[in-house]
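Here are my notes on this one, starting with a helix pair and moving on to the ligand. Have a look at the model alongside them.

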Amino acid sequence: MGAWDGPGAEPGAVAPPIYQTSLFTKPSFAEFVRQQAAEHENFVYSRGTNPTVAFLEERLALLEGGEAAKCFASGMGAISAVLAGLLRGGDHVLFVNSVYGPTTELAQHLERFGVEHTVLTDPAADAEEHIRENTALIYVESPGTMLMKVVDIRELTAVARRRGIRTVMDNTWSTPLFQKPLAAGVDLVVHSLTKYIGGHSDVIGGAVIGSRDVLRELFYQGHQLFGAVMSAMEASLVLRGLRTLPVRMEQHQRNALSVLDHLRAHPEVVAVHHPYVDHGPDEDVITSQFSGFSGLLSFELREGTFARVSRFIDALSLFRIGPSWGGYESLVTSPVRSDDPVSSPWPGLIRLSVGLEGAQSQLEDLDRAFASLAADGVHTPRTLLPERTP
Ligand SMILES: *Cc1c(COP(=O)(O)O)cnc(C)c1O
């Protein structure tokens with residue numbers, strides 16, 4: 001599918017044109033009928049294909065080493081197309097590692113359509129023991145995005161292949177630059193383009209990458225019917241992000257490693273979670289699976305009560321409070337909601353998205369927050385402080 005041969009495309013434009021059109025007219029009715037019969041490979045209607053979006057899809061497929069890709073309106077749009085589009089009532093899905101919360105909530109929702117699932121949060125658990133007669137899909141996220149635990153992908157895909165089970169992997173944390181799941185035997189890769197790939201915190205998007213055959217099935221069963229379509233405008237923003245992905249990822253990595261070394265050495269920190277420092281059971285798995293590390297990490301504060309976690313977070317100013325990650329701005333959040341171990345199973349856990357500001361400013365910001373834990377006096381909620389912009 002060529003994105004550039006449409007009439008009116010001016011040769012030489014360095015940025016891809018935004019095809020802001022909902023439909024494509026054809027020179028004859030016969031031609032229209034011919035193209036509509038294979039809508040996945042012809043530009044007919046932008047809920048199906050659009051040249052700007054197709055251009056991005058080609059690039060993503062190349063980066064992941066897949067034959068084809070499809071973009072979606074969000075990461076969840078991509079994930080729901082995969083789960084709801086490719087599964088049927090009576091099927092079972094095995095989730096490996098602690099996967100993105102809404103993904104397992106979606107699995108819960110699919111129970112009402114007769115799709116069963118098991119969540120295996122321990123990445124080192126024996127997945128094969130949990131495979132059932134009706135297991136149709138193994139869905140893995142590695143690293144996870146709260147404790148950053150890593151799964152041995154080659155081992156998992158070997159089991160899945162032996163049993164004839166399709167595998168899907170969420171590769172958002174690593175981006176296609178730092179980890180290549182398809183080369184390790186995974187059938188389908190999903191991404192939230194909202195994070196590093198978009199990279200500027202100004203676009204929501206998702207993608208699925210894999211073989212031409214599965215992508216075709218997904219196009220008709222998951223994309224066309226559910227309609228979580230990426231617009232040409234969003235695609236152009238993601239393409240803009242892709243251009244700087246290698247330099248951004250290198251800088252995210254450099255900043256994250258300095259933050260990790262700093263955290264590891266700090267007396268207020270009892271654990272640090274990131275594949276660079278927490279190798280899990282097998283260091284060889286890390287070295288063979290990753291060619292680099294991104295900047296999303298978490299750590300555990302000593303005596304991690306809600307009050308201390310709040311005090312630490314509120315004392316940060318360069319790290320801003322918010323969900324999501326992968327953009328320029330450093331961000332902080334925490335799953336801690338109370339001091340009740342049932343509702344907050346990870347006391348003291350704080351997650352940082354290490355952004356692209358100077359590493360020195362990031363370390364100084366963290367040090368101010370650590371210092372605030374020791375300081376006496378009234379805790380000033382950050383909402384009362386003036387906003388700072390980078
Ligand atoms: C954010 C995220 C998603 C969902 O992506 P959206 O674009 O927010 O829908 C899926 N998986 C992971 C690991 C994520 O971080």
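1. Helix 3 (residues 75-86) packs against helix 7 (residues 212-226) at about 100°, the axes being 9 Å apart. Axes here are lines fitted to C-alpha atoms over the stretch in contact, with angles from 0 to 180 degrees between N-to-C directions; helices are DSSP runs (H or I, at least four residues) numbered from the N terminus. So helix 3 is roughly perpendicular to helix 7 (65 to 115 degrees counts as such).

2. On the helix 3 side, the contact (heavy atoms within 4.5 Å) uses Ser-80, Ala-81, Val-82, Ala-84, Gly-85 and Leu-86. Helix 7 brings Val-214, Glu-217, Leu-218, Gln-221, Gly-222, His-223 and Phe-226. By class that is seven nonpolar, five polar and one charged, with Gly counted as polar.

3. A word on the source: this is a predicted model, with local features needing pLDDT of at least 70 and side-chain atom pairs 80 or more, while totals for chains, interfaces and linings use all residues. Residues are numbered from 1 along each chain as its sequence is written, and side-chain values use heavy atoms, leaving out hydrogens and water.

4. Which polar atoms sit by the ligand? Asp-170 has a side-chain one 2.6 Å from a ligand nitrogen, Ser-192 has a side-chain one 2.9 Å from a ligand oxygen, and a polar backbone atom of Gly-75 is 2.8 Å from a ligand oxygen.

Note on methods. Helix = DSSP H or I, 4+ residues; strand = E, 2+ residues; numbered from the N terminus. Parallel < 35°, antiparallel > 145°, perpendicular 65-115°, else oblique. Polar contact = N/O pair within 3.5 Å; in protein donor to acceptor, adjacent residues only side chain to side chain.
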